[in-house]
Amino acid sequence: MKIGVCTGTYDPVTHGHLDIITRASSLFDHLYVCVLHNPEKVPLFTVEERMDLLREETKGLSNVTVDTHSGLAIEYARMKHAAAMVRGLRAVSDFEFEFKLAAMNRYLDPQVETVFMMTSSEYSFISSSAVKEVAELGGDVSKWVSPRVAEALMKKFKSRERSQ
């Protein structure tokens with residue numbers, strides 16, 4: 001059985017993420033989509049909220065499991081006996097970071113390959129950070145995220161306004 005792992009922060013999950021996840025799910029017998037705890041980032045959504053959104057968005061993909069991990073992504077891939085880690089690339093600017101990450105992961109575990117997938121061109125400019133910024137300022141994010149994610153963003157920002 002060929003197992004793939006697709007890790008990220010997914011704060012929130014966008015159409016760009018789902019493009020990569022959907023296409024990667026067709027390459028593997030099973031794909032784990034793993035929400036990582038990244039100490040470098042301050043997420044808007046909790047890990048549980050991100051996992052719930054991902055589960056809802058991927059429920060039509062029978063070979064996808066949503067999970068979480070608080071260590072190195074390569075450790076998670078090893079734990080799941082993954083053949084490969086899938087990394088999405090939006091633009092050339094992503095390549096240098098991803099290349100270094102892939103080299104480091106290869107050093108840590110040469111048994112796990114890294115597979116780079118270019119996102120579809122209509123999603124090449126989307127990032128979770130940009131989506132959050134537009135949503136926070138009241139902009140329409142419906143072309144970049146699902147209605148459920150857009151609603152979750154609106155609720156999150158409204159609750160933040162009330163608490164300030």
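Visitor: Why does Ala24 count as buried?

Guide: In this predicted model, Ala24 has a relative accessibility of 0%. Buried means under 20%, so Ala24 counts as buried.

Visitor: Where does Ala24 lie, and what does Ala24 touch?

Guide: Ala24 has its place in helix α1, which covers residues 15-25. Leaving aside residues up to four places away in sequence, Ala24 touches Leu31, Val86 and Met117. Contact means heavy atoms within 4.5 Å.

Visitor: How many Å separate the C-alpha atoms of Ala24 and Glu48?

Guide: The separation of these C-alpha atoms is 23 Å, and the two residues are 24 residues apart along the chain.

Visitor: Why does Ser128 count as buried?

Guide: The relative accessibility of Ser128 is 12%. The cut-off for buried is under 20%, therefore Ser128 counts as buried. Ser128 belongs to helix α5, residues 128-136.

Visitor: What makes the pair formed by Ser128 and Pro12 a polar contact?

Guide: A polar atom of the Ser128 side chain lies 2.7 Å from the backbone oxygen of Pro12. A polar contact requires N or O atoms within 3.5 Å, one able to donate a hydrogen and the other to accept it. The distance of 2.7 Å therefore meets the distance cut-off. Pro12 is also among the residues that Ser128 touches, together with Asp11, Thr14 and His17, not counting residues up to four places away in sequence.

Visitor: Which residues make the nonpolar surface patch?

Guide: Leu72, Met104, Tyr107 and Leu108 make this patch of about 470 Å². One of them, Met104, lies in helix α4, residues 92-108.

Definitions and conventions
Residues are numbered from 1 along each chain as its sequence is written. This is a predicted model: local features need pLDDT of at least 70, side-chain atom pairs count only at pLDDT 80 or more; totals for chains, interfaces and linings use all residues. Side-chain values use heavy atoms; hydrogens and water are left out. Helices (H or I, at least four residues) and strands (E, at least two) are DSSP runs, numbered from the N terminus. Buried means under 20% relative accessible area, exposed over 50%, partly exposed in between (1.4 Å probe, protein chains only). Patches are made of residues with over 30% relative accessible area and no salt bridge: like charges are joined within 9 Å, nonpolar side chains (Val, Leu, Ile, Met, Phe, Trp, Tyr) within 5 Å. Accessible areas come from the Shrake-Rupley method with a 1.4 Å probe; for residues, only the protein chains shown count as cover. A salt bridge is a side-chain nitrogen of Lys or Arg within 4 Å of a carboxyl oxygen of Asp or Glu.
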